[in-house]
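Hello,

Here is the structure we talked about. Please load it, then read the notes below.

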Amino acid sequence: GADIIISATLSPHYTFKTVAYTAQLLKPRVLVDLAVPRDIEDGIATLPQQTVLDLDSLKQVADENQDKRQDEAQKATAILEEYMLQFHKWYTFRKVVPLIQEIREMTRDVAQKEIDSTIDQLKGTTACDKDRVRKSMVSIVKNITNRYLYDIRDNGTVEDIEAYLRCLHHTMSTVSGKE
């Protein structure tokens, strides 16, 4: 590993001179010169395994990284905006849960009437077979309703979610006669 030397004096001249410092070259070092005027003579930076950083080089690194930080900040902002939108959609969807429950109940009631009517017309089938048909049809209606409702949530805009669900509720109210 390298030693780190930080120099920040008020000295008007170099406190680390190339000739004197060369005698102490035993291992890699990073020298950080925070003084104005500089404490570390320029020649030390040319010595093997010696890295000299001064205020100008630190500013240059900071400036170079500024663009990277800006890019990362923009990416972070985009990620946050996406999560905020997802949260807002989720929250909006939660507000209309009672409406969704009514839509499901009305859909189930309308489907149940049709299912019962169809099953009553089946001749020569056992009660067990009729029950299987009933359960299968109820499951189909439930799956279609759920897919439609979740598709509204997942693909609609926040502004559209409530409008779509209100329209669906109105349509189901009309069909079921529960206006």
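Buried here means under 20% relative accessible area. Keep in mind that this is a predicted model.

Helix 3 first. The helix covers residues 97-121, 25 residues in total. From first C-alpha to last, helix 3 reaches 36 Å, close to the 36 Å expected at 1.5 Å a residue. Its buried residues are Leu99, Ile100, Ile103, Met106, Thr107, Ala111, Ile115 and Ile119. An α-helix has 3.6 residues a turn, so residues three or four places apart point the same way. What do the buried residues of helix 3 pack against? Three helices take part: helix 2 (55-95), helix 4 (127-155) and helix 5 (158-176).

Now the strands. Strand 2 (residues 29-33) is largely enclosed by the rest of the structure, because four of its five residues are buried. Strand 2 pairs with strand 1 (residues 3-7) in the parallel sense, over five bridges. Isoleucine 6 stands opposite valine 32 of strand 2 in that pairing. Strand 2 also pairs with strand 3, again parallel and over five bridges. There, aspartate 33 has aspartate 54 of strand 3 as its bridge partner.

Aspartate 54 deserves a look. It sits in strand 3 (residues 50-54). Is aspartate 54 buried or exposed? Its relative accessible area is 13%, so aspartate 54 counts as buried. Leaving out residues up to four places away in sequence, aspartate 54 touches Asp33 and Arg38. A polar atom of the aspartate 54 side chain lies 3.1 Å from the backbone nitrogen of aspartate 56.

Best regards

Terms used. Residues are numbered from 1 along each chain as its sequence is written. This is a predicted model: local features need pLDDT of at least 70, side-chain atom pairs count only at pLDDT 80 or more; totals for chains, interfaces and linings use all residues. Side-chain values use heavy atoms; hydrogens and water are left out. Helices (H or I, at least four residues) and strands (E, at least two) are DSSP runs, numbered from the N terminus. The expected span of a helix is 1.5 Å times one less than its number of residues. Buried means under 20% relative accessible area, exposed over 50%, partly exposed in between (1.4 Å probe, protein chains only). Contact means heavy atoms within 4.5 Å. A polar contact is a pair of N or O atoms within 3.5 Å; within protein, one must be able to donate a hydrogen and the other to accept it, and residues adjacent in sequence count only if both atoms are side-chain atoms. Two strands pair if DSSP finds at least two bridges between them.
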